[in-house]
Amino acid sequence: MTTYRTPVKRNVVVALIAAVVSIPLSGQGPAASANRAVAGSTNRSAVAPRFDLVKRSVDEAYARYRSDTSGKNADYIPYLAQVDSKLFGISAVSTDNQSYSVGDTGYSFSMQSISKIYTLALALDELGADKVFDRIGNEPTGRPFNSVEAVVDMGTHTGNALVNAGAIATTSLISGATADDKWKKILAFYSKAAGEKLSLIDAVYKSEAATNQGNRALAALLVKYQRIYADPLESVDIYTKACSVGVNVKQLAQMGATLANNGVNPITGEQVIKAENVPYILSAMTMAGLYDGSGGWAWHVGLPAKSGVGGGILAIVPGKGAIAAFAPRLDDAGNSVKAQKVITYVADQLDMNLFSPRSVGLKQ
Ligand code: GLN
């Protein structure tokens, strides 16, 4: 059986708060990031959360979990094994373009599987929801993200757009005259979602491309079932590049805020993702965003989210904003331990669980 496993290793975390007031707590300063509150008011949106409450809960989460050393870096991609396990950052960006970030906010990590939601968004924009649902599907696999068994056992074979097989097939749906055209289109789309130019972390790409025999095998298996729609090796290569796109935690939250804001980037005002496609993307994230940890996540947190083995997790609060957290140590399913704890804490403090009537203000 193909299983993703990460043995637990302990370490000490020392990280800092780079808050609005930029108070250095010790000598090693993470890049202070510009935080934005709407001037002269606490809020300018009927639904976006209040900046002061977001700030407080993010600061509390940062202080509460900064010393947590559970989990272990991904090591099946050699580059990721060497990333400093102590890195830790949190960012929240609202649909009314307020932002608050703490920790290692300048560090660029690879999106890994978080990229899959934006490739899905592009495929939806190009083909429409019915074709994407027909060609990929949206059923949870209940298996590790790189499962061969899921491809064999599931009727759709692709499962959903957020596991490796389904994501490689989704990548194969993206149109373009050449592989390079497709890749450039994907990167430009991700950049528009972030509102900033993003780029490939070449060392991550090379490291993963040299060790992605498993993904090449998944693509070959999809050929057998006629569930991949372009050259399989080309599709794996573009997928690998997409996974190797670098973001810092704030750029990731900005990408999330675009989804939360009906596909309109709250910074640039550009309609990046068709509004009609946003619910499909969030449904995929709810079913499969944390792989075989997705059910537990829905139970405890109740927010569509997506993790990546680079250590990032992005959670979307529809209409309100997005929370991104980054910390490299992962659990057995491949989800960042600290990022899960941070988002769980903030979502709970701010009553954001979408399955709770409290999230829309009904209190008893
Ligand atoms: N690039 C990684 C892979 O294909 C992405 C996996 C992940 O983030 N879960 O294995």
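# Questions on a predicted model

User: Is asparagine 97 buried or exposed?
Analyst: The cut-off for a buried residue is 20 or more C-beta neighbours inside 10 Å. Asparagine 97 has 21, so it counts as buried.

User: Which residue of S2 is the bridge partner of serine 91?
Analyst: Strand S1 covers residues 89–94, and five bridges join S1 to S2 in the antiparallel sense. Strands of a sheet pair through backbone hydrogen bonds. The partner of serine 91 in S2 is serine 101.

User: Which strands stand at the edges of the five-stranded sheet?
Analyst: This open, antiparallel sheet has the order S2-S1-S8-S7-S6. The two edge strands each have a single partner, so one side of each is left without a neighbour in the sheet; they are S2 (99–103) and S6 (305–307).

User: How many residues of S2 are buried?
Analyst: Helix H1 lies across S1 and S2, and its direction makes about 15 degrees with S2. Strand S2 is mostly covered, and its buried residues number five of five.

User: What angle does helix H14 make with S8?
Analyst: Helix H14 (residues 337–349) packs on the five-stranded sheet, where it touches S1, S6, S7 and S8. Its direction makes an angle with that of S8 of about 150 degrees.

User: How far apart are the C-alpha atoms of arginine 56 and glutamine 349?
Analyst: Arginine 56 is found in helix H1 (residues 51–65). Having 15 C-beta neighbours inside 10 Å, arginine 56 counts as partly exposed. Along the chain, arginine 56 and glutamine 349 are 293 residues apart, but their C-alpha atoms are separated by 9.4 Å.

User: In the three-stranded sheet, which residue of S5 pairs with phenylalanine 109?
Analyst: This open sheet has antiparallel pairing and the order S3-S5-S4. S3 pairs with S5 (residues 245–247) over two bridges. The bridge partner of phenylalanine 109 is valine 247.

User: Which domains supply at least three residues each to the shell around the ligand?
Analyst: The residues around the ligand include Gln112, Phe145, Asn215 and Gly334. By kind, the shell has three nonpolar, seven polar and one charged residue. At least three residues of the shell come from each of domain 1 (51–110 + 246–360) and domain 2 (114–243).

User: What covers the buried residues of H12?
Analyst: The buried residues of helix H12 (residues 278–288) include Val278, Ile281, Leu282 and Met285. Helices take part in the cover, and so do strands: it includes H3, H11, H13, S6 and S7.

Terms used
Residues are numbered from 1 along each chain as its sequence is written. This is a predicted model: local features need pLDDT of at least 70, side-chain atom pairs count only at pLDDT 80 or more; totals for chains, interfaces and linings use all residues. Two strands pair if DSSP finds at least two bridges between them. Helices (H or I, at least four residues) and strands (E, at least two) are DSSP runs, numbered from the N terminus. A residue is near a molecule or strand if its C-beta atom, placed from the backbone, lies within 6 Å of it. Ala, Val, Leu, Ile, Met, Phe, Trp, Tyr, Cys and Pro count as nonpolar, Asp, Glu, Lys and Arg as charged, and the others, Gly among them, as polar. Domain bounds come from an automatic or database domain assignment. A residue is buried if 20 or more other C-beta atoms lie within 10 Å of its own, exposed if 12 or fewer, and partly exposed in between; C-beta atoms are placed from the backbone. Two residues are in contact if their C-beta atoms, placed from the backbone, lie within 7 Å. Axes are lines fitted to C-alpha atoms, for helices over the stretch in contact, and angles run from 0 to 180 degrees between N-to-C directions.
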